[in-house]
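Let's take a walk through this model together. Have the sequence and the 3D view handy, and we'll go from single residues up to the bigger picture.

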Amino acid sequence: MVFPKPASESDLVFHSNFASPYGGDSLPRFDMPENSLPKESAYQNIHDELQLDGIPKLNLASFVTTAMEEECNKLIMESINKNYVDMDEYPVTTEFHNRCVNMIGRLFNAPIGENEDAIGVGTVGSSEAIMLAGLAFKKRWQNKRKAHGKPFNKPNIVTGANVQVCWEKFARYFEVELKEVKVREGYYVMDPAKAVDMVDENTICVAAILGSTYNGEFEDVKLLNDLLLEKNKQTGWDTPIHVDAASGGFIAPFLYPELEWDFRLPLVKSINVSGHKYGLVYAGIGWVLWRTKEDLPEELVFHINYLGADQPTFTLNFSKASSQIIAQYYQLIRLGKEGYRSVMEKCRENAMVLKEGLEKIGCFNILSKDNGVPVVVFSLKDTSRYSEYELSEKLCRYGWIVPAYPMPPAAQHINVLRVVIRAEFSRTLAEHLIHHTSYPCLQAI
């Protein structure tokens, strides 16, 4: 009888690292495999395939945070197995959530007393936050219409044509007409006067954007508030305002503290902000705040008690990770107002470095503003040699992910490239990007 020779330790190391039989097969794509894989092989195969993804730090298409401190990463991993909805089982996590709501509410100048709680909730991002805010506006409008015996089946929202797609989703999913103020060449945000002209008795709110997706510009919420106050006075309506501060909510309080866009304006009834953008937390965490308790209809809040205690909840989903909530609390107390101000100032400075560098090249028109979200939006002066889309492809060769896209309807003949300056985007990277962007331009001259 022949006994198989036992594998030596060196053989096992060699096979697991360099000549694993599992490396010769493709990973399953359609059917779950019949047999198990060793954990090392499963990891290595998936790890290797993920190398084909872009590098998050060079993904200048995204507003979403891609780097946090190691101490916060540890807290995230320590809490990654906690389901936030189990509030009675994880009371400290719930307390951290409530502290975040209170801090952000006061940051946005909510009219609350020193020891009063702000009204708000954490979400998986600004999309869910906008859905919740929209539902609150719709329910308040319907309740008032019913009380006065008026039709309540044709609600609408007035926005600019530059809104993010989540507003279109809300309108379609919850049967609300979306009335869009068209932009025009040279003016790529909502015109407050035109928005107010479109308001009628069925308008549940006007949505203003503090940081347009297209060019980072802040819409004039103060002017919108003043014009809408006058219209409400003339008509007897009480049309409110929602501020979509997904990108700008953690920027304006620190860079533009005198700018009136938040709860200081009486018609602003709710605000959403993305913690995973300039809140400096990994995806996905967002927040929605209401001016007062009366602005969030109680009938939308559910009370559940089968997890151990009475728990009020207003979300579109049920289970939710605790780790991002804890990470947001970490950033708020770790950085404080001083730290956030410093980060936002650095982002603005690096945006100016990039803008000035692109201007010196001489090939580009700059469409973004100096004030607003730190993004640099630019188009080619001459597209006879190549287009903005082709320039985007050329930058990919260096690892950069810089999107090219058309501007909103009525200005969609203009194509642009957009670079989002995040906290982890350094001055050195900005200088490299200028060089890599200049090379194809200078070659084309």
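Let's start with D262, which is buried at 1% relative accessibility (buried means under 20% relative accessible area, exposed over 50%, and partly exposed in between, using a 1.4 Å probe and protein chains only). Before going further, a word on ground rules: this is a predicted model, where local features need pLDDT of at least 70, side-chain atom pairs count only at pLDDT 80 or more, and totals for chains, interfaces and linings use all residues. Residues are numbered from 1 along each chain as its sequence is written, and side-chain values use heavy atoms, with hydrogens and water left out.

Back to D262, then. Its salt-bridge partner is R264, with the closest N and O atoms 2.8 Å apart (a salt bridge is a side-chain nitrogen of Lys or Arg within 4 Å of a carboxyl oxygen of Asp or Glu). R264 is partly exposed, at 33% relative accessibility.

One links D191 and R184, at 3.9 Å from N to O. Here D191 is buried, with a relative accessible area of 16%, while R184 is partly exposed at 38%.

The other joins K222 and D226, with 2.8 Å from N to O. These two sit four residues apart in helix 8 (residues 221–235), which means that about one helical turn separates them. (Helices, H or I with at least four residues, and strands, E with at least two, are DSSP runs numbered from the N terminus.) K222 is partly exposed at 31% relative accessibility, and D226 is partly exposed too, at 33%.

Seven strands form an open sheet in the order 1-7-6-5-4-2-3, with mixed pairing (two strands pair if DSSP finds at least two bridges between them). Strand 1 (119–123) and strand 3 (177–181) stand at the edges with a single partner strand each, so one side of each has no neighbour in the sheet. From one strand to the next, the twist averages 20 degrees. (Axes are lines fitted to C-alpha atoms, for helices over the stretch in contact, and angles run from 0 to 180 degrees between N-to-C directions.)

Look at strand 6 (residues 268–274) and strand 7 (residues 286–290): they run antiparallel and are joined by five bridges. As an example, N272 has V288 in strand 7 as its bridge partner.

Helix 4 (residues 91–107) lies across strand 1, strand 6 and strand 7, at about 60 degrees to strand 7.

Definitions and conventions. Contact means heavy atoms within 4.5 Å.
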